[in-house]
Amino acid sequence: MEVSTAPGPSAVEGADGIFPAGCPSRTVLDHVSSKWGVLILVALWKGPQRWSELRRRAEGISEKMLAQTLKTLEGDGFVRRDAQPVIPPRVDYSLTDRGRGLAAVLLPLVTWIAEHAGEIVGSPGAADSTPPVNGESSP
């Protein structure tokens, strides 16, 4: 039995809403599909983390970019910031229910990327040699 990984017609039709230029989903798509946005959401999947833990986990992120990404994801309702009134200050970040739902969808994508990145980035023209999906011709 062959299992298709192609989305069904209803999934594709549901995505039509992101194509109009003024659609608010474009803003959300920009926030959650940025390199750092994806990495922070996936990092928080395992549970609450402090600033320094997130900075170490997302290697290469600057303090400014981490702050900006966390603020954006918090503003969108994906991340919860829990500042505890202790000295020294302690702030934990965690996923909201909405964030967990999004991270659950992102994890298969990130897993696929991790499995294929070497062959895509590692060899010139590798993308050109990929067989077409569902019999469609390549551009």
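Student: Why is E63 called partly exposed?

Tutor: E63 has a relative accessibility of 48%. Buried means under 20% relative accessible area, exposed means over 50%, and partly exposed lies in between (1.4 Å probe, protein chains only). E63 therefore counts as partly exposed. The model is predicted: local features need pLDDT of at least 70, side-chain atom pairs count only at pLDDT 80 or more, and totals for chains, interfaces and linings use all residues. Residues are numbered from 1 along each chain as its sequence is written, and side-chain values use heavy atoms, with hydrogens and water left out.

Student: What makes the contact of E63 and R55 a salt bridge?

Tutor: A salt bridge is a side-chain nitrogen of Lys or Arg within 4 Å of a carboxyl oxygen of Asp or Glu. For the side chains of E63 and R55, the N to O distance is 3.4 Å, so the pair meets the definition. R55 is partly exposed, because its relative accessible area is 32%.

Student: How many salt bridges are found in the whole structure?

Tutor: The search finds 2. One of them joins the side chains of D92 and R90, at 3.1 Å from N to O.

Student: Is D92 buried or exposed?

Tutor: D92 has 11% relative accessibility and therefore counts as buried. R90, with a relative accessible area of 30%, is partly exposed. Over the protein, 24% of the 139 residues count as buried.

Student: What makes β1 an edge strand?

Tutor: Strands (E, at least two residues) and helices (H or I, at least four) are DSSP runs, numbered from the N terminus. Two strands pair if DSSP finds at least two bridges between them. The 3 strands form an open, antiparallel sheet in the order β1-β3-β2. The edge strands β1 (49–50) and β2 (79–84) each pair on one side only. Q49 stands opposite Y93 in β3.

Student: Where is P88, and which residue does a cis peptide bond join to P88?

Tutor: P88 lies in the loop between β2 and β3. The cis peptide bond joins I87 and P88, with omega about 0 degrees.

Student: How do you know that the charge of R100 sits over the ring of W45?

Tutor: The rule requires NZ of Lys or CZ of Arg within 6 Å of the ring centre and within 35 degrees of the ring normal. The charged end of R100 is 4.3 Å from the centre of the W45 ring and sits over that ring.
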